[in-house]
Each structure stands twice: as structure tokens, then as C-alpha cells.
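Please look over the sequence and the model below.

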Amino acid sequence: MEFRNFYVRPKIPKKLMPLYNMSFNVWATWDKDAGRLYRRMDAHCYQRVQKNPVALFHEMDTQKLIDLSEDNGFLYEMEKVYEKFTQYMGFRSTYEKNESKASLLGRKDVIAYLSMEYGLHESLPLYSGGLGVLSGDHLKAASDIGFPMVGVGLLYKYGYFSQKINHQGYQEEKYKENNWFLKPIREVKDDKGKSLKFKMKIKDFDLHVKIWCIDVGKVPLYLLDTNLPENSVYARGITDHLYVSDRKRRLEQEILLGVGSQIALSLLTIEPRIYHLNEGHSAFLIIERMRELIQKKKMSFEVAKQYVRYTTVFTTHTPVVEGNEHFEINLIKEYLTRDIEALGVSVDEFLKYGRIDGSNYFWLPAFAVVFSRFSNGVSKLHGEVSRSMWKALYPMLDPREVPIDYVTNGVHLLTWLSTEITYLFDRYVGPDYIHKAQQGRIWKKIASMPDTEVWEAHKRTKNQLISYVREKRVEALQESGASIKQIGEARKVLNPEYLTIGFARRFASYKRANLILQDKERLVRILKDPHKPVQFVFAGKAHPADGTGKNLIKEIIEFGRKYGVEDRFIFIEDYSIEVAQYLVQGVDVWLNTPIKPLEASGTSGMKAGMNGVLNLSVPDGWWPECYDGMNGWSINAGEGYDNLDMRRVVEANQIYDLIEDEITEIYYSYSGNGYSEEWVKRMKHAIATVGKDFNMHRMLRDYYRQFYRPEITDLAKVESDNYAFLKDLSSKLKSLKAVWSEVYVKDVISDLGSADLTAGNEVNSDVYVHLGSCQEQQVTVELLYRVSENTIKTEELKFVEQYQDKIAKYQGFISLSGHGVQGLNVRIRPKCDAIYHAYPGLVKYFY
Ligand SMILES: *Cc1c(COP(=O)(O)O)cnc(C)c1O
């Protein structure tokens with residue numbers, strides 16, 4: 001026998017209804033005043049339900065709710081918070097189009113953001129790590145600054161796992177089924193009040209999909225769910241887990257995300273102007289959009305491809321080729337042949353867009369790059385790495401010219417600032433940072449924060465971290481049946497007076513969590529220094545299939561036990577957004593030791609820095625863009641070593657030296673006030689520099705200026721006159737291709753050999769091009785001047801005259817700059833920039 005389940009909501013006193021409704025908006029989880037209000041309702045219960053406001057209402061004592069609804073003091077505070085919420089939701093964006101700013105974003109300029117994972121709050125386990133937290137922060141900040149954005153993703157029945165560490169120090173995974181009735185999420189209803197659902201096909205089976213919505217401030221996040229009775233048991237399981245290892249399952253998830261998003265958006269009558277693909281997982285969207293454009297709008301394949309390009313932005317996050325999403329060609333064929341053939345092209349021809357060097361895999365990021373007008377990495381360094389990594393996609397370009405730009409990541413201030421630091425911001429910066437942290441002037445005001453208040457705020461936050469760590473330890477020990485003595489000791493771990501170093505992130509091997517264990521004896525001496533003691537707190541999950549990562553966790557835990565430093569070398573279980581918040585806000589130093597250049601950006605260090613925590617980091621990802629000698633330390637001694645073992649030794653020693661000779665020296669040089677003035681000066685400098693350039697509003701401004709705005713601005717041109725611009729492009733391409741084989745550079749006569757090659761001089765070149773039946777106005781001839789390892793300049797040559805034998809003469813010069821070994825080449829490319837950018841393979845070189 002089975003029951004048909006339904007859910008009964010508790011009766012909420014009428015006066016508390018506004019607060020109850022507000023609890024369904026994720027805003028209520030990041031606003032500190034709202035948090036204080038919920039804590040006041042029932043501090044114990046609030047903690048137990050992981051600070052989930054919806055669950056708080058459902059789980060706390062009903063009589064207490066009634067009492068609160070009659071408590072005038074509480075109601076007064078509630079009104080104030082509710083008023084803040086209303087103001088937030090009514091904020092008029094600086095980016096909103098109006099009479100004087102027509103180039104900005106209109107209400108209809110919707111940007112759809114697609115991601116496999118979203119990290120919004122610990123009660124919504126729809127994320128595994130940094131990528132998800134970044135997506136969550138992206139939507140939160142879009143709401144703050146008023147971008148017309150919508151997010152789309154998947155609703156996982158279990159989400160990512162919770163981590164338990166067993167007696168041997170080994171990670172075990174637990175999957176908890178989510179109860180959506182107790183979370184800040186709602187079912188989307190149609191006009192008849194029924195759940196909004198749609199049907200799609202994956203391979204040969206029908207799939208029913210239900211649409212949910214999480215309100216992230218003003219931004220809706222739509223989530224697709226296949227866990228429905230009308231689906232087969234197999235189909236229901238598609239949205240069970242995040243990042244399943246099974247390749248078929250993973251492909252099904254990604255088809256659901258890509259294709260399903262577009263169907264869901266149409267059903268919701270949302271017509272995005274731009275699609276932002278966050279990582280390759282969602283790239284199958286392109287196939288569904290192509291299908292719609294070709295079948296419904298009757299576009300040719302070429303025109304549809306260009307239209308998709310003009311409306312897509314792609315962000316890559318993975319600096320190792322193998323780490324990028326890819327599937328075997330045969331698997332793709334098994335699943336997508338029908339969908340691809342519907343585009344009017346052969347499968348093999350289409351799959352070329354995602355194949356590199358004829359490999360047997362279809363690479364989703366490669367596919368996304370080809371179909372996006374703008375692609376980017378997530379830090380300056382990662383931009384370079386990405387260009388070089390995907391250079392095989394553009395064999396005709398110099399790696400430095402591969403069209404992958406960068407926008408450095410950022411983090412959402414209101415989520416990551418501690419309560420104490422937030423109140424300092426409120427008082428000394430003023431409320432502008434809530435909506436406009438991209439404005440540099442705001443950050444000048446950090447200097448006005450009194451040193452004592454900054455230190456006091458940090459001390460309180462550090463104490464909160466320590467209490468939290470002790471509670472978590474005690475809880476874990478009690479669960480595992482530890483002795484009273486052990487539990488008693490756990491209540492005393494960590495000392496608020498000691499310099500505290502934090503390290504928390506996914507336990508992927510390249511992040512080298514155990515680098516600090518390189519010289520264990522030396523580390524013990526540092527930890528137990530009688531005058532300048534140091535303590536460490538670690539956290540992080542290893543992917544369930546990653547044995548190496550799990551062993552790293554074990555190594556950390558065993559070190560503490562073996563060397564008798566368990567009171568000051570601590571691993572806390574189940575890294576989550578909540579654990580991350582306590583750590584990045586409460587420690588003194590944030591340690592980051594990836595193998596350069598494998599950390600694309602890294603964001604936890606940003607979270608730490610804006611709370612006044614000083615970074616101690618390898619100059620990888622975002623850190624080289626921020627480090628200025630005063631806001632932290634750079635572990636750069638390993639730069640010269642290719643041998644990874646050597647690098648380890650050198651970097652570990654540099655870390656020990658820095659801790660002994662600099663970090664602890666500054667930290668423990670107390671003045672009469674009971675703290676180190678030099679340390680607080682550096683804390684404030686870190687808040688100002690990290691806050692200014694690595695907050696999420698700055699990141700969104702960059703996306704807006706570099707990608708969103710140009711795409712939205714050009715749409716009018718692209719769409720006008722029934723896509724005349726794209727059709728023209730496609731016919732220009734066709735005629736150019738028809739004559740392309742006849743075009744080549746016949747000769748280059750330059751005075752490179754004769755001229756005095758000294759910086760500042762000019763070098764002239766006469767270039768003879770065989771045009772054949774190609775028209776002069778179809779092509780550009782240009783000089784390519786390699787000034788240095790990282791810089792290439794191009795100089796367009798002037799057409800001089802054309803001779804009888806289809807040869808044309810071009811002329812131009814370069815001004816020599818810099819010095820050392822440099823290079824020159826001549827190439828022919830399409831004159832039309834739009835064609836050149838869309839088909840960068842269409843070039844011919846002389847040398
Ligand atoms: C910020 C964050 C990350 C990413 O941290 P990195 O420094 O990029 O490794 C991962 N997990 C959680 C829970 C986070 O909050």
C-alpha cells in the first residue's frame with residue numbers, strides 16, 4: 001500500500017505573513033538585518049535549520065509564532081526589515097534605459113544565464129564548489145545592480161553530497177533527499193493554477209519536465225525537474241545528482257539543461273536577447289536555438305549560426321584540456337543524430353564544430369566558443385591559458401589572437417562580508433555599496449574606518465568561527481560515539497589569541513592541500529612556537545570518485561593526530577557555503593597553494609580579502625591582479641621550476657619563512673591597544689583593494705561593457721529588415737569562398753634586410769598579392785608585427801594599384817619598437833570584420 005503525499009503548511013499569524021512571504025526570496029538569506037530578525041524568532045531553531053528562513057517558520061513552535069505576532073518590539077523590527085526589502089526590490093538601476101541613456105538596458109533586454117550548478121545558500125544544495133557559488137553570486141549581483149537577467153538550471157533531488165569523515169580519517173558521502181516544501185523555492189504555475197510542465201524527447205524516450213523558480217532578489221532562477229510520477233523510473237533519475245560520473249546520465253542532464261532551458265523560457269514567454277553559457281555544460285542550447293531559427297524563422301543554417309553567435313556569450317573556467325566537458329562522438333551520435341539532422345546538415349559535418357585535431361571526442365567548450373561572439377576566461381592569466389589551450393580551434397591564427405578574452409571573477413559582497421564588517425560598511429561607507437560597488441569612489445571610504453573598530457569587528461568574527469568549529473567538532477564526535485574525554489578536548493580547540501590560517505576548497509590534487517605538510521617537523525615548530533603560536537583550520541570535499549583527493553584529507557587529519565597538534569590543526573567536515581562564510585570571515589590569513597596556472601581564478605581568497613583577511617597565495621588566477629605587496633603575500637619562489645617536486649619544496653619553504661619571519665612578526669607586534677597597528681593597516685588595505693576590484697558588481701559591469709552591451713546594441717542592426725545584415729554576410733562569405741583558392745601573397749619586398757633595425761625606425765614593405773578573380777574590396781592585406789612574446793601588432797596595408805595579370809600592389813610600414821628578436825609576416829583576410837571574426841580560419845600567410 002502507498003499513500004499519495006501532500007504537504008500541509010502551518011498556520012502563520014496574519015501579522016507575520018509579509019515576513020513569511022519575504023522568506024521565500026533568497027534576499028532574506030543574505031541581508032544581515034533579516035538574518036538578525038530570524039535569529040530573534042528562535043535562535044536555536046534557526047541554527048538547526050541551517051539559517052533557512054522558510055524552514056524556520058515550519059519547524060519552530062507555533063505558539064511562539066503567535067507570541068511574536070503580538071510582540072510590538074518584534075513587529076517594529078520586522079517592519080524595518082520589510083521596508084528594506086521593499087526598497088531593495090524597487091531600486092531603479094543605474095543601467096536601466098531612460099530618455100537620457102538610451103544605450104542602456106531596457107526591460108526587454110533579458111539576459112538568460114545557464115549553469116549546471118548554483119550556490120545560493122547552504123539550504124539549497126544545488127552546487128559543488130566555486131563554479132556554482134560564482135553562478136549564484138552572479139544572479140544575486142545582477143539583482144543588486146538591476147540587470148534584466150534570468151537564470152536557468154536543474155533542480156537536483158539529492159544535490160551534492162554531505163561529507164562525513166570516518167574513524168580512519170577517510171571521507172564518506174551521504175545523500176539527503178531535498179524537501180522542497182521547506183526551502184525558499186516555488187512551483188511555477190500556469191494561468192489555471194496548475195504546475196507548469198512540458199514534454200521533450202531525449203533520444204527515443206519522452207521526458208516530462210516541471211519548472212520551479214527560486215527568487216534571487218529581483219532575478220528569477222528557473223530550475224528543471226524530472227522527478228515526476230509521469231516519467232519512467234529511469235527518466236525520473238536524470239535530475240537526481242549533480243555531476244554524475246556515468247557518461248550517459250551526464251549527457252542526458254546536459255541535453256536537458258541545454259534544450260530544456262529554451263523550451264522552458266518559451267513556455268514562460270521569455271525571449272532573451274542574450275544567452276550567457278556558464279561553462280560548456282549548457283552548450284546544447286545552441287542546437288535547440290538553431291532548430292527553432294531554422295524551422296520556425298526559416299533561416300538558412302549559415303544565417304541561424306550567425307544569429308546565435310551574435311546573441312551568445314560563453315565563459316570557460318577550466319584551464320586543463322581534459323577537465324573540460326567532452327563526450328565520445330559515438331555517444332553524441334546515439335543521442336543527438338535526430339536533432340542535428342533536423343538542422344539540415346549531416347551529423348559528421350556538424351560535429352566538426354566540437355572536434356579538435358580530429359579527436360574522437362566532442363568538446364562542449366570548443367563548440368560553445370565557435371558559436372559565441374564573445375568567449376572569456378575568468379582572470380587575466382586564465383585568458384592567456386585559454387587562448388593557448390584552444391588554439392587548435394584556430395590553426396590559422398597566432399595563439400595570441402585566439403578570440404578568447406577575459407573577465408576576472410568577483411564575489412557578492414552582501415553574501416560574503418561578515419555581519420560585523422557589514423555594519424562597518426553601513427556606518428562608514430554608506431548604503432551605496434549595496435547597489436553600486438563597481439564605483440571606485442566607494443572604496444576610498446574604507447580608510448575612514450577607525451582601526452580599533454576594524455580590529456574589534458574581526459575579533460568578534462574570529463570568536464564566532466572558533467565557537468562554530470568547536471560545536472561542529474563536538475557534534476561530529478558525539479555522532480561517532482567518541483569518549484567524554486575526547487569531546488571535552490574538542491570543546492577547547494583553537495585559541496582566539498593565536499594567528500589563524502585558513503584553507504578551504506575542493507580537495508582536487510592541483511590545489512595541493514598538503515603542501516604545508518612538506519616539512520612536518522618545521523611545521524610543528526611553527527605551530528607550537530611559545531611566543532608566536534599558529535593554528536590552521538581546513539575544510540573541503542573531494543569528488544566521490546577522487547581517491548587521491550580523499551587521501552589528502554586523510555593526510556591532514558592524520559598529521560594533527562600523529563604530532564599531537566589536534567587542538568590547533570583542524571579539519572572541519574562538510575564544507576559548504578556556511579562553513580566557507582565562517583572561515584573566510586574569521587581567520588587571519590587565507591592560504592592558497594595551487595599548481596600555477598591550474599587555478600583559473602579562485603574566489604575564496606576574494607571573500608577573505610574583503611573581510612580584512614590577508615591572502616598568502618601562489619600568484620595564480622586572480623591574485624597577480626590584486627597583490628600589491630601590502631594586501632597579503634605572494635608565494636612566488638617556485639616560478640622558475642618546471643619540476644613539480646622541486647617547486648613543492650621551494651614553495652613550502654617560502655611559506656614557512658614568510659610565516660616565521662614576516663606574518664607572525666607583524667601579527668604579534670602588539671601596541672598598547674592590544675593589537676598590531678601594522679596588521680590592522682594591512683587589513684584595511686586588503687578590504688579596500690580586494691573589495692574594489694573583486695566584487696561581483698565590478699565583474700558584471702565588465703561583462704556589460706565588454707559583451708552584453710555590444711551584443712544588445714548590435715541586435716537592432718542584426719534583426720532589422722528581416723535579418724538583411726546576416727543574409728548579406730552569408731552571401732559575402734559565399735562569394736569570397738568561391739574565389740578564395742585564387743588569392744595568395746605572391747611576394748613581399750621589404751627593407752628589413754637593408755634598413756637600420758633600431759627602435760624608432762620605420763620598415764617599409766611592398767606586397768604583391770595575386771587576387772585572381774577576387775575583388776580588391778573583398779580582402780584586407782595586413783602586416784603582422786611580433787613585437788615581443790606577448791604582443792602582436794597588425795597594420796593594414798594600402799592598396800596602390802592593380803596590374804593586368806590580376807596582381808595588386810599594397811604598401812605600408814611598421815615603426816620598430818622595443819628591442820630583441822622580433823618577427824614579421826603578411827596575411828590576407830576578409831575585409832568584412834564580421835566575416836573575419838566569425839571565420840577566423842579564412843586567412844593566408846606569406847611566411
Ligand atoms: C567560494 C567557494 C568555493 C571556491 O573557492 P576557490 O577558492 O575558488 O577554490 C568553493 N566552495 C565553496 C562552498 C565556496 O564558498
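**The ligand site and a sheet**

In this predicted model, the ligand is surrounded by 14 residues, and the closest are Trp416, Lys511, Thr603, Ser604 and Lys607. Three of these residues also bring a side-chain N or O atom to an oxygen atom of the ligand: the distance is 2.7 Å for Lys511, 2.4 Å for Ser604 and 2.6 Å for Lys607. The ligand taken alone exposes 390 Å², of which the protein buries 96%.

At the level of domains, domain 2 (101-409 + 708-715) and domain 3 (446-693) each supply at least three residues of the shell. Sorted by class, the shell holds 5 nonpolar, 6 polar and 3 charged residues.

The second topic is an open sheet. Its 4 strands pair in antiparallel fashion and follow the order β21-β22-β26-β25. Which strands stand at the edges? They are β21 (744-750) and β25 (798-802); each has a single partner strand, so one side of each is left without a neighbour in the sheet. From one strand to the next, the twist averages 25°.

Strand β22 (residues 762-770) runs antiparallel to β21, and 6 bridges join the two.

Note on methods
Residues are numbered from 1 along each chain as its sequence is written. This is a predicted model: local features need pLDDT of at least 70, side-chain atom pairs count only at pLDDT 80 or more; totals for chains, interfaces and linings use all residues. Side-chain values use heavy atoms; hydrogens and water are left out. Two strands pair if DSSP finds at least two bridges between them. Axes are lines fitted to C-alpha atoms, for helices over the stretch in contact, and angles run from 0 to 180 degrees between N-to-C directions. A residue is near a molecule or strand if one of its heavy atoms lies within 4 Å of it. A polar contact is a pair of N or O atoms within 3.5 Å; within protein, one must be able to donate a hydrogen and the other to accept it, and residues adjacent in sequence count only if both atoms are side-chain atoms. Accessible areas come from the Shrake-Rupley method with a 1.4 Å probe; for residues, only the protein chains shown count as cover. Ala, Val, Leu, Ile, Met, Phe, Trp, Tyr, Cys and Pro count as nonpolar, Asp, Glu, Lys and Arg as charged, and the others, Gly among them, as polar. Domain bounds come from an automatic or database domain assignment.
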